[in-house]
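Trainee: I have just opened this one and would like to be walked through it slowly. Could we start with the terms and then go on to the details?

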Amino acid sequence: MNWWLKSRAVLTLAGCTVLMTLAGLAFGSTELPLPALTGGSGRFLLAGLTPVLPAVLWLNSTGRVGPHTESTAVRAVARWDTALATGLATAVLALTLVGHLLGADVIALTVGRNTIVFIGIALVLEPLAGHRSAAVLTSVVPLFCAAAGWRSGGVGAEPWALILHPGNSVPAFAASLTLLAAGAVFSFVRPFGTRASWLREATA
Amino acid sequence: MLLRTLLRSSSATLMLPLLVCFIVFLLSDTLTRYVTEGYGPSAVGQASFVLAFAAAACAASAAWEGARLKRGGVLDQAPARGPLAIALPVLAPVWLMGLAGLATSLLIASIATGAPPAPSHLGMLGAQGLVLAACTLSGYLTGRLLPGIAAAPIALTVGFCLTAFPVSLPVAWPRHLVAGAFSECCSVGTVIDPKAVWAPTAFAVGVCAAALLLIRRPAFRSLVAAFLLVAVGTAAALPPALGLGFSPVTARDDGELVCDTRGRPHVCLWPEIGSDGQAVAQTRTFAARLEAAGLQIPATLTESRDLKPGEARFGFKSRPQSADIAMNLASAVLPGMPECARRTGTFRAYPARAPLMAWVTSVALQAPPGPGRLSPDDAALVQRVLQEPREKQLAWYEANRQALATCDQPPQLTVPGGAG
């Protein structure tokens with residue numbers, strides 16, 4: 001356990017996640033003037049970008065040792081990593097919910113939900129594409145949502161662009177929890193086992 | 001390194017189709033929505049919407065390359081080539097990928113504008129290329145500094161924020177440092193201000209020089225020197241940036257106006273709007289109708305800003321419809337805001353301006369005023385006036401027109417002698 005904690009730098013990871021969440025609470029309401037906004041199609045907030053960092057840092061911590069080494073370990077290290085991701089997501093959710101109850105405005109809920117969405121995406125992508133590519137693909141998701149996620153006609157976000165919805169949207173929150181659960185199960189079970197995809201091999 | 005090895009192993013080769021597809025499928029809607037038809041500088045200006053995304057892609061790719069070189073321990077093994085000679089060939093495909101993204105968006109915007117990008121405005125592309133080079137070099141440094149897997153995503157996010165975010169600040173000058181406001185160029189009567197091209201050039205050159213120094217010699221002294229270089233670049237960029245407002249455009253030279261003097265009134269428009277003669281012909285038709293109704297038309301209608309006596313301001317931001325021409329003619333015929341109103345703030349006749357504009361437009365178009373532009377009271381008033389005999393309409397017009405030229409005369413919002 002000590003070895004795993006040290007290798008994943010769990011304390012640093014948890015500390016950075018908390019810092020990122022607090023920074024998101026402080027600056028999350030800042031608007032980024034994306035070109036897609038100038039039709040009245042919506043506001044892209046910084047709270048859609050900063051929650052990428054906990055997911056990316058988790059991928060960094062867990063990916064530093066190559067997959068080939070760790071797949072031969074006696075203990076299922078990958079499952080511990082999945083548990084770590086889920087724990088981070090729960091911690092951020094608890095932090096933001098408590099913050100919101102204590103008086104922070106709706107942006108706290110947005111930051112919490114977006115962190116869960118990105119961790120869920122990272123959990124889904126990591127067995128498929130490897131840590132490096134999953135990190136880059138996860139960080140492209142906010143830009144993709146910003147460019148393609150607004151419904152034409154300016155009436156809100158597409159259903160699949162979870163990070164664009166307002167913080168108090170219950171369907172988006174439920175969808176994000178579902179995504180996290182699905183990602184955790186997928187990453188836990190790893191139906192492809194140690195068979196690596198082309199992308200995972202090329203970028204390991 | 002062999003060229004084919006370089007291209008085969010570079011992350012830019014993978015990113016290029018992703019970036020191009022991103023631009024073509026997701027951003028082309030935004031690129032083509034606000035172009036000014038037929039005006040070359042507008043193609044260059046609208047193409048700059050993609051700068052933030054191309055900068056993010058360049059930073060991410062460069063960070064990926066930097067992290068790869070760090071992982072391979074290349075610089076720790078006493079290489080024969082210096083750090084710059086190792087880094088620059090690897091970063092060149094990344095920068096070229098960013099330029100390819102810019103070229104794609106320029107192509108899309110040019111097709112939508114229907115005009116080739118104006119050669120006088122290609123400096124904007126040069127400034128954007130330098131901004132991309134600065135992002136590439138800084139991304140490479142990020143890749144060498146940050147932990148390997150986190151480097152590219154962090155560089156992507158930070159690169160995107162640094163190029164997209166300054167436009168939203170309440171202060172004007174940061175956006176000009178990163179060429180963030182270029183997409184405001186240009187409507188037909190404006191061109192880009194050269195200061196808006198020099199500011200990001202100076203800043204990007206400062207950042208590039210600092211990054212090159214740090215790549216070559218990563219020591220504390222170089223860090224201090226790099227800060228100084230960035231400070232010098234910013235200091236060189238600040239005077240032009242502060243001299244601009246929120247908008248990087250400036251008025252177009254009046255010498256480019258094309259004046260049609262073959263009929264009355266003379267009409268001077270920008271070549272993109274007036275050269276096919278249609279707008280001029282319609283203006284003259286409407287002017288003839290207004291003169292037949294008894295109104296006085298100025299002798300010359302011009303886009304120029306310095307008006308000589310007998311001229312009135314008349315022009316369009318893009319190719320006009322009939323209704324636009326009629327409305328512009330109406331505002332050219334009516335007097336402007338009097339000086340006393342600007343000074344004292346009272347303008348009693350102001351409520352008459354909207355009905356008067358609508359009436360003149362209706363006479364020119366020979367159609368009742370369209371819905372939606374007027375308040376219900378004004379619309380009803382204009383309808384009543386239009387039903388009166390010609391002399392009464394003209395008297396109503398003249399009375400209100402005179403009131404609009406003063407500050408203390410009240411408007412005449414009822415039809416004289418009628419049941420208004």
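Mentor: A nonpolar core is a set of buried Ala, Val, Leu, Ile, Met, Phe, Trp, Tyr and Cys residues joined through side-chain atoms within 4.5 Å, where buried means under 20% relative accessible area, exposed over 50% and partly exposed in between, with a 1.4 Å probe and protein chains only. This is a predicted model, in which local features need pLDDT of at least 70 and side-chain atom pairs count only at pLDDT 80 or more, while totals for chains, interfaces and linings use all residues. Residues are numbered from 1 along each chain as its sequence is written, chains are lettered from A in the order in which they are written, and side-chain values use heavy atoms, with hydrogens and water left out.

Trainee: Okay, which residues touch the most other members of the largest nonpolar core?

Mentor: They are Trp58(A), Phe160(B), Leu290(B), Phe314(B) and Trp359(B), in a core of 153 residues. Helix α6 of chain A, residues 107–148, supplies the largest share of this core with 16 residues; helices here are DSSP runs of H or I with at least four residues, strands are runs of E with at least two, and both are numbered from the N terminus. There is also a second, separate core of 7 residues, with Ala59(B) and Ala151(B) among them.

Trainee: Is helix α3 of chain A buried or exposed?

Mentor: Of its 12 residues, 12 are buried, so α3(A) is largely enclosed by the rest of the structure. Trp58(A) is one of those buried residues, and together they pack, by contacts of heavy atoms within 4.5 Å, against α1, α2, α4, α5 and α6 of chain A as well as α7 of chain B.

Trainee: New topic: what is the strand order in the open sheet of chain B?

Mentor: The order is β3-β4-β5-β6, four strands with mixed pairing, and two strands pair if DSSP finds at least two bridges between them. Because β3(B) and β6(B) stand at the edges with a single partner strand each, one side of each is left without a neighbour in the sheet.

Trainee: In which sense do β5(B) and β6(B) pair?

Mentor: They pair in the parallel sense over 3 bridges, and Leu301(B) in this region stands opposite Ala312(B) in β6(B). Leu301(B) is also among the residues that Phe314(B) touches, along with Val267(B) and Ile325(B), when residues up to four places away in sequence are not counted.

Trainee: Now the aromatics: how many aromatic pairs are there over all chains?

Mentor: The count comes to 6, where rings of Phe, Tyr and Trp (its six-membered ring) pair if their centres lie within 6.5 Å, and planes under 30 degrees apart count as stacked, over 60 as edge-to-face and the rest as tilted. Trp4(A) and Trp80(A) form a tilted pair, 5.5 Å centre to centre with 50° between the planes, and this pair links helix α1 to helix α5 of chain A across 76 residues.

Trainee: How accessible is each of Trp4(A) and Trp80(A)?

Mentor: Trp4(A) has a relative accessible area of 8% and is therefore buried, whereas Trp80(A), at 39%, counts as partly exposed.

Trainee: And what does Asp81(A) contact?

Mentor: Leaving aside neighbours within four places in sequence, Asp81(A) is in contact with Trp4(A), Arg8(A), Trp58(A), Thr62(A) and Glu70(A). Asp81(A) lies in helix α5 of chain A and counts as buried at 6% relative accessibility.
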